[in-house]
Amino acid sequence: MSLLSIGLLYGGATLFAMFLGMPIAFALGAVATLFMIIFMPGASVDTIAQNVYEEMASITLLSIPLFILKGAAIGRSPAGRDLYGALHAWMHWIPGGLGIANVFACALFAAMAGSSPATCSAIGSAGIPEMRKRGYSPGFASGIIAAGGTLGILLPPSITMILYAVAAEQSLGRLFLAAIGPALLLVALFAGYAMWKFRREFHAALAQYKLAGTESELLRVDTLTVYDKFALLPRVLPFVILLTGVMVALYGGYATPSETAGLGAVLALALIASIYSVWTPRELEPILIATLRESTMLMLIIGMSLLYSYVMSYLHISQSTAQWIVSLELSRWVLLAAILLMVVVLGFFLPPVSIILMTAPIILPPLKAAGFDLIWFGVIMTIIMEMGLIHPPVGLNIFVIKNIAPDIPLWDVVWGVMPFVGLMMLAVVVLCIFPEIATWFPDAIMGAK
Amino acid sequence: MAHGLDGVETVQAAALPRSAADRILAFTNDLMVKASSAALVLAGFVLTYSVIVRYFLKISTDWQDETSVFLIIGAVFLSSAAVQALRGHVAIETIVGLLPSRVNQARQIVVDLASLAFCAFFAWKSWALLHEAWVDDYHSGSTWGPPLWIPYSLMTIGMTLLSIQILLQVIDELRRWNSAR
C-alpha cells in the first residue's frame, strides 16, 4: 500500500473513531494500535505499553497535574472574588473601570490558576452580576469574562505551552517568557475595547436620560473610601506573592519548571489553609477529585497522542506530509496562514493538547524551513487556540458563562464575545508584523538564542 | 464538547451500583482515588523538598524527580477507572445529539466495545512488560536507578481496572438494550 493511502487511512480512521464519540484518548490509542498491528513488525506491537510509559515518564509532562492542583486549589477558594473586589476598588474611577478591573482580574487569576474555564468561572461569578447591576449590557459583560479567561492558556504556567515546549523541543522557560508580551498586548486591547464600549453604552444611556428621563445604573458615580481600597488588599497580596514567588523561583534559576509546579501546588494549598482555613480532608477532597478528574483525562490523552505521533512517524506519514508541504514552496505567509487556518478548524473539535501533539511533527518542520522562530510560533498558535475557546461551535468559555449566568441568552453571549475574537485576530496580525513583542522579553532575560 | 478539559464541573450522576461486581469496583475506585490524591500531594512535597535541599542545603538531588514521576504516573493510571465510571474521558459528542435514541444506544455500545478492546489489549501488554521487568530485574537508567516494576505495576493495575470498568459498563448497556426491546 502506498504511503499516501496509509496516511489517508490513518487520518480517516481517526476522524471516524472520534466522531463516533469514542473518548479521544482511546480513539487515538486504538487507531495507533490497529495500524501498529497491520503495518508494523510484531515486536513493536509488543512494546506498546513500554512505549507509552517512556513517552509519558518525563517530569516536565508530569508536572501538568501539579499545575492543575495549584489552579484547582486557588479556583475553589474565594480568591477570585477577593481579587476582583480589590481591583474594582482601585479602578472604579476610570471610565469603564469596572470592565477593565474584570480584564485585569482575569489576567492575574489566569496567571495563578493556569486554566481558562476556571478563570471564567472564578472571576465571572462575581464580575458578571456586578457589571450587569451597574448597567453593562449582558453581552458586553459576558464577552469581557469569556475573553479575559482565555488568557489562562497564554500566561505562564499554561499547560498548552508545556505541551508545545515538549512537542517542539523548545525551552519552556523561554516560551513562558515569550507569552508575557503578547498577553499584555491582549490585556491592553481588551481593556481599550472595554473603555470604548463603556463610553458608547454610557452615552446611549445619557441620551436616553436627557430624552426620556430614564435613570440608568451606568450613570451612577461610585464613591469608595480609602478604607474600602485597603480593606481587601491583605487577602489578595499573598496570592500575588505566590505568583511572583513562583516566577522568581523559576527564572532566578532556583527551581526547574517541574519543581515550580510542585512548589506552586504546595504553596497554594498552604495559602488556602491559612487564609480561608480550607485544610481538612473533607474540604480538600473536592479540590483533589476535580484535579484528578482533569489530570487523568488529560494525561491519558497526552500519552495516547504521543503513541499516535510515534506510529505516524514510524510509518513516515508525518515526515512525508511535512516534506510535501515544504515542496509546495508556498510563500512564508501563505504557509503560515494555511497552517493557522488548519489549527482553527481543528480547534472546532479538538482540545488544544491533542492539536499540538498530533500536528507538531507535521507543521513544525515546514515552519522551521520557512525561517519562522518556533518560540514565536508557539505563542501565535496558542492565541489561535484561545480563540477556539470562545468562538462557536464548541467555545468552552461560552458554556462556562452560560453556567454562571443562565439567564443571558446564548446569542447575547456569542455576539458579546465576537469583538474579542476580532481583537485576538488583530493581536495575531500585530505579532506577525512585530515579532519582537514576543521574542524581546525572553532574549532580554535569557540572552539571544 | 471536546474542550471539556480545563476543569469545568459537569454534573453527572454515577449510575447506582447494581451487581456485586459493580459494588466491588466502585469500592476499589474509591480507594484508588484516595491513594491517587495522596500520591499527587506527596509528589508536590517531594518536588518542594528537592528545591529546598538543593538550593539551601546545597545537597545534590537524585531521587526526587523520578519519585515524583512514579507517584504521578500512579495517580494518573490508578484513577483512570474512576474517571471512566463518571464518563470523564472526554469525547466529541457532535453527532450524539442528532441520533435517535435507539441508534445512539447502539453507537454507545460499539464505542465502548472498541474502547474495551483497546484498553484490554494495552493492559495485557502491560502485564507482559511487568513480568519481563520483574524476571529480568529492569532498573531505570539514572544514577539512582530504581526498579522499573514499581511504575509498571501501577500502570498495569490501572489499565486492568479501567478495562474491567468499561466491561461492566458494556454489560450494563447490553442489559438496558435488551430490556428496551
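**The interface of chains A and B in a predicted model**

In this predicted model, 63 residues of chain B are in contact (heavy atoms within 4.5 Å) with 68 residues of chain A. Local features need pLDDT of at least 70, side-chain atom pairs count only at pLDDT 80 or more, and totals for chains, interfaces and linings use all residues. Residues are numbered from 1 along each chain as its sequence is written, chains are lettered from A in the order in which they are written, and side-chain values use heavy atoms, without hydrogens and water.

Q: What makes the pair B:R54 and A:E259 a salt bridge?
A: A salt bridge requires a side-chain nitrogen of Lys or Arg within 4 Å of a carboxyl oxygen of Asp or Glu. The side chains of B:R54 and A:E259 meet at 2.9 Å, N to O, and therefore qualify. The count between chain B and chain A is two salt bridges.

Q: Why is B:K58 called exposed?
A: Exposed means over 50% relative accessible area (1.4 Å probe, protein chains only), with buried under 20% and partly exposed in between. B:K58 has 65% relative accessibility, so this residue counts as exposed. B:K58 lies in the loop between α1 and α2 of chain B, where helices are DSSP runs (H or I, at least four residues) numbered from the N terminus.

Q: Why is B:D137 called partly exposed?
A: The relative accessible area of B:D137 is 48%, so the residue falls in the partly exposed class. B:D137 is placed in the loop between α4 and α5 of chain B, and has a positive phi of about 50° although it is not a glycine.

Technical notes. Helices (H or I, at least four residues) and strands (E, at least two) are DSSP runs, numbered from the N terminus.
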